[in-house]
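Work through the exercises below with the sequence and the model at hand. Each task is followed by its solution in steps.

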Amino acid sequence: MRNKILLRNLLALFLLAVVSIAAFGQNVVVLVIDGARYSETFGAKAAYMPDIWTTLRPKGTIWTDFRNDSITKTDPGHSTIETGIWQNIDNSGLDRPHQPTFFEYFRKASLADEQSTAVIVGKKKLDILTYSTDPEYGKEYRSAFYLDSSDMSVFTRVKNVLIQKHPRLVLINFPSVDIIGHKNDWNGYLSAIKTADSLVQALWNLIQSDSFYRNSTTLFVTNDHGRHDDEHGGFSNHGCSCEGCRHIMLFAIGRNIPAGGVVTAKHTQCDIAPTAGVLLSFPTPKTIGMNLLLDISNSPKY
Ligand SMILES: [Zn+2]
Ligand SMILES: [Zn+2]
């Protein structure tokens, strides 16, 4: 009898804890549009990103001087975003990041399980994003991993994973802009940016239509790198230190992000992981970036 009461009390406590965690839970989604050059994103205002520029931007904040200041390639760029420190790693999928990813920080601090995190990508070589080689963290704290091929199929996967598993920290890669850019197909490249733009809108609608995520989620949209400007070879490739390769977009919307904000001060990819740490209350001791929320409030508005 006594055991039964004890068991019932324990069950009640457990349920209370679950409800509390859900109620106070916040979520962060980082979406990387692979290899879009600033001149075709915010540099062109609504021309190729009508949904973000016209509909979402007034509800969120944009950064107009956001940069990849290191290696302007896919694996280094994505790895820097999730670790908050420049990652000088191989670009073919052979190297993992050398410092902890935000998944490892989050899981170690919160005891959250693997399914509470998600890497959802369109390039196989990005399976290196699930965990780092840091001996204090690593595989034990890895993220769940999902692979698809185009922006559309990645988005379908994102939809299913978010609805079914409700991960709290998510890193998404949309591959198509980069893949079509490398084919030297200018119209295809622009049209891929438009598709990615409409999928960002669809993702935000999905977040706001799900009670787990609604009003408790911060969405960041950025790039791993840009593409060469016309003086350095043009849009079909990337990888150098030219302005086209370095200057990228950053947009944020949702929890803790002011509406109509525009930050003109310089920021880099290293700032995203520590900001995710502040939003989800986990420490990020090996990052070198700054919390992006600190100077949003001081910035002018549109
Ligand atoms: Zn890339
Ligand atoms: Zn370049």
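Gly84, with a positive phi near 75 degrees, follows helix H3. Helices (H or I, at least four residues) and strands (E, at least two) are DSSP runs numbered from the N terminus. This is a predicted model, in which local features need pLDDT of at least 70, side-chain atom pairs count only at pLDDT 80 or more, and totals for chains, interfaces and linings use all residues. Residues are numbered from 1 along each chain as its sequence is written, and chains are lettered from A and ligands numbered from 1 in the order in which they are written.

**Exercise 1.** Determine how many residues of H3 (residues 74–83) are buried.

Solution. Step 1: a residue is buried if 20 or more other C-beta atoms, placed from the backbone, lie within 10 Å of its own. Step 3: the buried residues pack against strand S1 (27–33), H4, strand S5 (169–174), S6 and H9; contact requires C-beta atoms within 7 Å.

**Exercise 2.** State whether Phe220 is buried or exposed.

Solution. Step 1: Phe220 lies in strand S6 (residues 217–222). Step 2: Phe220 counts as buried because it has 24 C-beta neighbours inside 10 Å. Step 3: leaving out residues up to four places away in sequence, Phe220 touches Val30, Leu31, Leu250, Ala252 and Ile272.

**Exercise 3.** Find which residues of H4 meet H9.

Solution. Step 1: the residues of H4 are Phe102, Tyr105 and Phe106. Step 2: their partners in H9 are Ala273, Ala276, Gly277 and Leu280.

Note on methods. Two residues are in contact if their C-beta atoms, placed from the backbone, lie within 7 Å. A residue is buried if 20 or more other C-beta atoms lie within 10 Å of its own, exposed if 12 or fewer, and partly exposed in between; C-beta atoms are placed from the backbone.
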